[in-house]
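Here is a quick tour of one model, taken a feature at a time. Have a look at the structure first, then read on.

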Amino acid sequence: MKFPYGICDFRKIVLQGYFYCDRTGCIPLLEKGEYVLFIRPRRFGKSLLLSTLFNYYDIARADEFERLFGHLAIGKNPTPLHNSYLVLQWDFSCVDPFGDVEDIRRSLHDHINACIEAFALYYRDDLRGDIRIDRANAISSIQSLTSVARSSGHKVYLLIDEYDNFANQVMMGVQQDKQKRYEALVFEEGPLRTLFKAVKASTSQSLFDRIFITGVSPIVMSDITSGYNIAENIYSDPQLNDLCGFTHTEVAGAIRDVVEACRLDSDKMAEAQAMMQTYYDGYKFSPDADETVYNPTMALYFLKAFYQTCKYPREMLDDNLAADGAKLDYIAQIPGGSQLLLDLVHEQATVVVSTLAKRFGIRDLLNVTNKDNAFLVSLLYYFGVLTIDDLTAEGELVLRVPNVVMQKLYMERLAELLLPDPRVRDEGKLAAKALYQKGNIEPLCTFVEQKYFKVFHNPDYRWANELTVKTAFLTLLYNDILYIMDSEAEVGRQRVDLTMIIRPDMRRFTILDVLIEFKYVTLADAGLSGQAARELTVEALQSLPPMQQAMADAVRQAREYGRMLEERHGNLRLRRFAVVSLGFERIWAKEA
């Protein structure tokens, strides 16, 4: 078995027998649009889609059609347009985003010129005349290419991959005046707007017959809208929900093949599928889609490691996806962004918006207020950090964090946001180890009291309940190498605040399964000021009637939930804890 992790060459995947999920049946649907914009998060298979389209429409590969597509859905019922185009490809992830605007313009034009040179060499037998390359102005080179193609009797199909990559890199970079630099790229006569104006002009003269553009978000397209206002957005079409994702049936089939190849027990199939579903499933890009899909890159990362070693990968988060944490850093810098990230930490946390913004520019984004987070939510959706979950009774969209991988990105960035000093974070991690290695929760409670509660006194954070305390514990305890972490895990139609269940492949270690139930007592309910609460002795804290009642409730729930968890799993080394917080001042913890 061969899993094409990191490979986006359709021809190589097909001819060399790699694992492939056939999406060619969507090609007739894609052909309904002539100038198309298709958006998906990073590492979601967009480049492979463009490679598939290149091989399907490329006039030079007509002789290979049967080899490449004969066994696939489109090969059994091809459209009349197959192998009828000269295909020009641009990949804007190759454009250097550093330097000033002139440096970026030069890099952009150099990339386009290089692509045109490759085009001229590839199609030299199909062209009548030479394409003139203008080193100083790639737009002139484009005009020469389309003129030569038309005089040769051929149509051109333009494919643009990651159209917004370098512009987003500029916006999210660390350079000074990054907003001004971004606006210089896309506004007025910036190089990106000028380029797309030229592309649009070529379509009006039928020089580019079709255009297919991929990207991560519509922000750049919105900012250059007057330069290119012909794009048809197809990314929320429910029929295309799985165009760049794996279905449950496909993942189950791949797992079955790996389990059989490794000669593992049959119960490994259900176990591995549950692991993959927890970590990589959950994406829905249209509220009308029938099912969620898996992130294909992450699924291939798991399957390749599983097949090669017959064991699950030690780290479930691929480093290539970890780079997306920079987008969370960016969101946190926008007014209202850090609170939104805090609101979405927990397993069942959702956010409701009337609709997703499809056309919004960077100026709109930077001008949002704390009360109006629709733009922020939309951006997180396009980045893949949020996904569509459901519709409310009033028809509004409900979004949530799709899976545990994205939750881990949240945890890492929240820890850095709330505790920026790495030495302090390390101290907290050591306190967390005392809990899941030795069953001692006191060091963790002390750390939260002394470090985290100072942060939550900040008026920027509006929480005032047990979720605040649970957030602090989650960021310190989160460990997907050893555990399946679950906030608000469903047990017997009820939800446990926090469970840490040891991964099946990690049970050989002497760590503990952990369950924690949190309760929160306000200072007002205790009849105390913050200063008075801080001055209480431990005995006085534990003798407060509201604290005693909250602790009794937490202990009762922890014991009951623990019993149900042990019935479900059967082989746990479970330690149950009740944690009660008095405001953001004191913590009382007890093993249940």
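## Ground rules

Helices (H or I, at least four residues) and strands (E, at least two) are DSSP runs, numbered from the N terminus. This is a predicted model, where local features need pLDDT of at least 70 and side-chain atom pairs count only at pLDDT 80 or more, while totals for chains, interfaces and linings use all residues. Residues are numbered from 1 along each chain as its sequence is written, and side-chain values use heavy atoms, with hydrogens and water left out.

## Positive phi in two loops

Start with Asn83, which sits in the loop between helix 5 (73-76) and strand 2 (85-91). Its phi is near 55 degrees, a positive value in a residue other than glycine. Asn83 is also buried, at a relative accessible area of 9%; the cut-offs are under 20% for buried, over 50% for exposed and partly exposed in between (1.4 Å probe, protein chains only).

Glu162 belongs to the loop between strand 3 (155-161) and helix 8 (165-172). Here too a non-glycine residue has a positive phi, near 55 degrees, and Glu162 is buried, with a relative accessible area of 12%.

Cys262 lies in helix 12 (residues 248-262) and Cys310 in the loop between helix 14 (296-309) and helix 15 (319-322), so the pair ties together parts that are 48 residues apart in sequence. Cys262 is buried at 14% relative accessible area, whereas Cys310 is partly exposed at 30%.

Now for two cysteines without a partner. Cys8 is in no disulfide, and its nearest cysteine sulfur, that of Cys94, is 10 Å away; Cys8 is partly exposed, with a relative accessible area of 40%. For Cys26, the closest cysteine sulfur is in Cys244, and at 9.1 Å that is too far for a bond. Cys26 is buried, with a relative accessible area of 12%.

## Helix 6 against helix 10

Helix 6 (residues 101-122) and helix 10 (residues 191-204) pack with their axes 10 Å apart, at an angle of about 30 degrees. Those axes are lines fitted to C-alpha atoms, for helices over the stretch in contact, and angles run from 0 to 180 degrees between N-to-C directions.

On the helix 6 side, Val101, Arg105, Leu108 and Ile112 meet Pro191, Leu192 and Leu195 of helix 10, where contact means heavy atoms within 4.5 Å.

## Helix 19, wrapped up

Eight of the ten residues of helix 19 (residues 374-383) are buried, so the helix is largely enclosed by the rest of the structure. Among them are Leu376, Ser378, Tyr381 and Phe383. Just past the end of helix 19, Gly384 takes a positive phi of about 85 degrees.

Helix 22 (residues 442-456) has 15 residues and, at 1.5 Å a residue, should span 21 Å; its end C-alpha atoms are 20 Å apart, which agrees. The expected span is 1.5 Å times one less than the number of residues. Buried residues of helix 22 include Leu444, Phe447, Val448 and Phe456.

Terms used: Disulfide = S-S within 2.5 Å.
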